[in-house]
Amino acid sequence: MIHSLFLINSSSDIFLEKHWKSVISRSVCDYFFEVQEKAGEAENVPPVIHAGHHYLINIYREKIFFVSVIQSEVPPLFVIEFLHHVAETFQDYFGECSESAIKDNVVIVYELLEEMLDNGFPLATESNILKELIKPPNILRSVVNSITGSCNVGETLPTGQLSTIPWRRAGVKYTNNEAYFDVVEEIDAILDKTGSVVFAEIQGVIDACVNLTGMPDLTLSFMNPRLLDDVSFHPCVRFKRWESERVLSFIPPDGNFRLLSYHVSAQNLVAIPIYVKQNISFFETGSSGRLDITVGPKQTMGKTVEAVFVTINMPKVVLSANLTATQGNYTYNPVTKTLVWDIGKLSQQKLPNLKGSLTLQCGAPKPEESPSLNIDLKIQQLAISGLKVNRLDMYGEKYKPFKGVKYVSKAGKFQVRT
Amino acid sequence: QSIFVAIFFIFLNEDLREMLESTKESLKLEAMKRIVGLIARGKNASELFPAVVKNVASKNIELKKLVYVYLVRYAEEQQDLALLSISTFQRALKDPNQLIRASALRVLSSIRVPIIVPIMMLAIKEAATDLSPYVRKTAAHAIQKLYSLDADQKEQLIEVIEKLLKDKSTLVAGSVVMAFEEVCPDRIDLIHKNYRKLCNLLVDVEEWGQVVIISMLTRYARTQFISPWKEDGIFDENSEQAFYESDEEKLGTPQSKPYIMDPDHRLLLRNTKPLLQSRNTAVVMSVAQLYWHLAPKQEVGVITKSLVRLLRSHREVQYIVLQNIATMSIQQKGIFEPFMKSFYVRSTDPTHIKTLKLEILTNLANEANISTILREFQTYVKSQDKAFAAATIQAIGRCATNITDVTDTCLNGLVLLLSNRDETVVAESVVVIKKLLQTQPTQHSEIIKHMAKLFDNITVPMARASILWLIGEYCERVPKIAPDVLRKMAKTFTVEEDIVKLQTVNLAAKLYLTNSKQTKLLTQYILNLGKYDQSYDIRDRTRFIRQLIVPNEKSGALSKYARRILLASKPAPMLESTFKDRDRFQLGTLSHTINSKATGYLELSDWPTAAPDSSVRNVEVMEPVKKEISWTFGAPLKSDDKFYSDSGEEEGAGEEGTGSSSEDSSSSSSSSSSNEESDSESEDKNSKHSEETDSSQSDKSSGHSDKKKADKKKRLQLKKKAKKAAPKERYQMHRPPTHHPLTQELWNLRTFTPKMAYTHTGKKKNRKQMVALFLCVQVSSPVFVPMSSHELLHRMTGKGLAAQYHFPRQPCIYGNKMVSVQLTLTNSSDHTLEDISIGEKTSSGQNIHRFSSIERLEPGASVTVSMGIDFNDSTQAANFQLCTKEDQFSVSIQPVVGELFLPVTMTEQDFRKEQGKLQGMNETSATITMAPENTSNQALSKKMVSVANMGVVPTGEDSLYRFAAKSVSSGDLVLVSVDLTDSSSGRLTINTEKTVIGSMLLRDLKTALAQP
């Protein structure tokens, strides 16, 4: 299926190659460079490229292109999903998926890639299994290894691989048994010029960090499971229990994992936590424009809206911005043409405002389009959909675990059109 | 400088060679790490081959692995040297550690050296029968490697594939199907017998395997089942919903159904549906395409929500999913319409995503939503991304042609865009307006005039050409303007682009024919210019036009028709989606994405017109041991048979049901000797059962014929429930199916994996013996499930809450040492009971898996829940508290000794061997007298298995009966044999290490047999 993998950095250097079948010359990447040049921005590179006798399927993550070479028919999502999985594994192992991290740990990267695919078909991809086969790097171990000559590679087949719960390793031991769940919700919204909602929905995930001894069997139930309209599960969740009782019953993997992602049903009205009043206009003469933005809290359910950012991609002709902010500060990058206003916390009493003039390129016609505003925000201790975890029970083990649930709401793709 | 680099590398290589030849492990490891670093950067390290290959037998496992990496990379270049390492791998293939066996096979099969093909073949065959499923998985991968190295081995490899396809392990399934797809995708006949097993295993296979299996099964289903897309579109009553519907609704449905879905077809659809909830986007997409290609049209809707969910994923995932939605939305716009807003474009989306979203929005447009969509499009036209703005204009054009109501609105909007400052926007508008005007040529001369005025300012060739064409085509409507435009063009002709020149010639010709007085000279001037043009296309066209329109002696008959040729009314162009013909490719494939056939693309065949024989999927029963146990399921099947043929279904439907059910049970016990029933047994029947089925049939309606294949245990449950009060039934149906064959499968796997590990650690000598042991203790599904339930809590003492318990005789899903118990809770009070659960403390110390608390139980309603209790192989009662919101009731479950077992299947030899090991104090026996009713062999078996949950062991002797089970908690074998000396007496012997249980069982069996 997957023949080879090339990792390419933003300056078009191939800094890692791995072949799972016969070796394919790296000149195959020329097709890719050609398309990349045509596409301009990295995001615009099409994920599937037809390259002579090969097909190149690529993803772009953390400023790295993961380019895989395919020789025959395969579901493209299969490859894309796998490449993302590789990137996430690197992230998991090295803390970041960057070029330098990969270069520093090239041997572990190679060992990982070797384990993850056999003849181009995925072999071991579960993080719990991989960590038993190949231990993640840490300073202490590398010191010990260099002295004793012991190694990072496991000698026996991980127990999970053969059982029906491949996601969990056996013999897990902790002195502090803890299970934390983060309910993170994101509001995706498009507001139009007048501030009315064109489209809004809430997407959420529950990320878990479970450090529990033995083989715990957990049951997580919600106060209002009916809110969840569409869900996707980690394979550990028993689908039948969810179907019949609307509880999440699972034997968790060890460590961090995403338990559930969900979509809140469309019937529920989405509470938009802030409102934006904006006016961006360009004058016909004088090569200048005006900008006036005010942001205020709306339906926040008594919580404070924090970490508010407003990002605007200005038209190409805007040279500079001369603005004053009543709260926070702003930066304008004349190269990328992005204006970022970092507001911070929103308070009810004093509404933050950004006002001033924009300088346009001399002689250029006034831009037709008006830029849209992208908003970032965060609300702690609140799931905007109102979802609440009812209780978490543990079976199968005797000890009492420490349990915790945290709620956060964020702006997802939150856009205000002008 | 390059010499410098070369010298540097020679030094480096020397350095590495020295390190590799040192005696220190750590130095060698360091050297290998550096070499792997070189390989990763694509540097050539092949010179070091001899030094590296020496280390292949190293004890240090990391060093060894790195050597493997190196070897696989360079073996093809250094074939002779690579052969030196082969013996090491051959040795490692026999290693007791399965990881080492597997990695040896992986490397051996990755070394692309043709000489070792026979060795590889041998190794693959060996590994395909390995006890470790992990090694077998590696073998499946090796098949593909060997095939790509030497395609002549195909026949032998197919044999191995055939063998591995029978494998019951979820680990192997995905890989072997992958090998099948690569080596012999046309050998669909190999799938028949494994079809049902694959469907049932699917949920437990790892994600990547799921994708491969689903796409293979999609192809399979298209060749084996008839099309569910019937023109008359009568709703398929076999759908799951119909099955759960209440009875009355279904009685009214017509009996003669035009189409009946093959139960196997339904099985596939039902078993893939939960995978729509997978976190893996590839799995979701593959299920979506399966539904798209296989499900009845009215069921396809279930996939939309999941596909829309994928749009939240990474950019690349969005791209593929949107492409597939674009193709789907052409054919069935209805299913995506409710999600229209999810396709709204954001300014931050990359261009290719934006265009796809636009495409989908255009496909979804209809009279009802067009105003919303057009409003949305208005925003897009203003986008900073000009390519996207141009695409939007085209989309507006498409909406305008498809929906006649808005044509005028769109046209006006587009005309407004003509004054836009951006070149591309204007050009695109012109092109689209041209197409639109063609559809309604009668009006709009105003627009043409307007465009003619704009002509001077437009520089994009395509737009200029379009305007020229428009003016030429409708020159009679703008008689004053047209010659003027031609005059201007004559001036600039030489500097125009080719397409503009061609249209100028066209315009000139048309004007010459309609208005020759004004334009004769102009036309000749232009034709002369064209005659000496650099482009032969234009010279050619000019020559043609001149002959056609300018009459001279040479021009033949054609010039008479010049007017009719040039000014013929032309059909309006269709503005169509670029995804229109994409549906010739299977969705979700690479070919679909690139819109051309990729190498190795397997065509999805059309549905067969007549259904191929469905019995090929029946798994035959191999051993003739049916007699003793035939009564268990024979009866209900018999009545099913009659029942279904009564309701006017196709012939063989009943047969089908039998077939699939035998598949279910045999897939849950992994050897063929476990067959509990077979087709031929329907003769023998048990009156009690058939009575029950009859009554339940009158309750149940005829609508669920595809449920035939629902496994037998569930059916028995249902029938039993049918006897109970009507309101109960609903709950029963929705009860979490704890008895699903899959859970059982799961359990089975869990039980025998540790044994397998044990086998490997054991000495080789022992292995054979271990295998025997391993084979003989397979847990099978229960032969008989008694109907009786016992009272746990009376409604008087429970203040309205009544509870009954029952042993379903299934392996417990909560823990393999637990006995599963089903509780039926009924609220016979007049108020709602809330929060029913089992209290935290148990007095008797057993390990109990509680059922999750029931939030509400309405008056009169009842609910069945399952729990697990570890009785520790004793009949000591489990005491616990049943709590409601207000009260707590102490209750206890006293198990009968016979329920502490799980039935086991084994062969007669194994039984004897095991019995031989359990002599002396492990044996208890007694003489028994039997009631005359019990002496027939069927009656005797029935009596025995109703007392204790045991499996029947086949026997060659007439008067000897054998039964086997293992205790749930400790897993010790319990062997029972009955030797009939004459018609009314005999000897009952029990062999087990658990002597207490043995004697209790003996007592129970003795009393049971004595009773009629």
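Buried area is the accessible area, taken with a 1.4 Å probe, that two parts lose on being put together, summed over both. In this predicted model, the area buried in that sense between chain A and chain B is about 9,000 Å², and carbon and sulfur atoms give 57% of it. To the contact, chain A brings 98 residues and chain B brings 100 residues.

The polar side of this interface can be followed next. Across the interface of chain A and chain B there are 38 residue pairs in polar contact, counting pairs in which both residues reach pLDDT 80 or more, and the side of chain A that touches chain B draws its largest share, 8 residues, from helix α2 of chain A, which spans residues 76-94. Sorted by class, that side of chain A holds 45 nonpolar, 24 polar and 29 charged residues.

Charged pairs also cross between the chains. The search of the whole structure gives 48 salt bridges over all chains, and 11 salt bridges are found across the interface of chain A and chain B. In one salt bridge R279(B) pairs with E126(A), with the closest N and O atoms 2.9 Å apart. In another, D229(A) pairs with K305(B), and here the closest N and O atoms are 3.0 Å apart; because D229(A) belongs to strand β11 of chain A (residues 228-233) and K305(B) to helix α19 of chain B, this pair joins two chains.

The empty space inside the model is the remaining topic. Rolling a probe the size of a water molecule over the atoms shows where such space is left. The largest cavity has a volume of about 460 Å³, and among the 32 residues that line it, K18(A), E114(A), Y68(B), V72(B) and S110(B) are the closest to its centre. Of the elements, α4(B) gives the most to the lining of the largest cavity, with 6 residues. By class, the lining of the largest cavity divides into 13 nonpolar, 7 polar and 12 charged residues.

The second largest cavity has a volume of about 190 Å³. Its lining is made of 19 residues, of which E201(A), V308(B), L311(B), R312(B) and S342(B) lie nearest the centre. Two or more residues of this lining come from each of β9 (197-211) of chain A and α19 (302-310) of chain B, the latter being the helix in which K305(B) lies. The lining of the second largest cavity comprises 5 nonpolar, 4 polar and 10 charged residues.

How values were computed:
Residues are numbered from 1 along each chain as its sequence is written. Chains are lettered from A and ligands numbered from 1 in the order in which they are written. This is a predicted model: local features need pLDDT of at least 70, side-chain atom pairs count only at pLDDT 80 or more; totals for chains, interfaces and linings use all residues. Side-chain values use heavy atoms; hydrogens and water are left out. Contact means heavy atoms within 4.5 Å. A salt bridge is a side-chain nitrogen of Lys or Arg within 4 Å of a carboxyl oxygen of Asp or Glu. A polar contact is a pair of N or O atoms within 3.5 Å; within protein, one must be able to donate a hydrogen and the other to accept it, and residues adjacent in sequence count only if both atoms are side-chain atoms. Helices (H or I, at least four residues) and strands (E, at least two) are DSSP runs, numbered from the N terminus. Ala, Val, Leu, Ile, Met, Phe, Trp, Tyr, Cys and Pro count as nonpolar, Asp, Glu, Lys and Arg as charged, and the others, Gly among them, as polar. On a 1 Å grid over the protein atoms alone, a cavity is a set of points where a 1.4 Å probe fits but cannot get out, and a pocket is an open set with protein on both sides within 12 Å along at least five of seven lines; lining residues have an atom within 4 Å of a point. Grid points are joined across faces, edges and corners, and a volume is the space filled by probe spheres set on the points.
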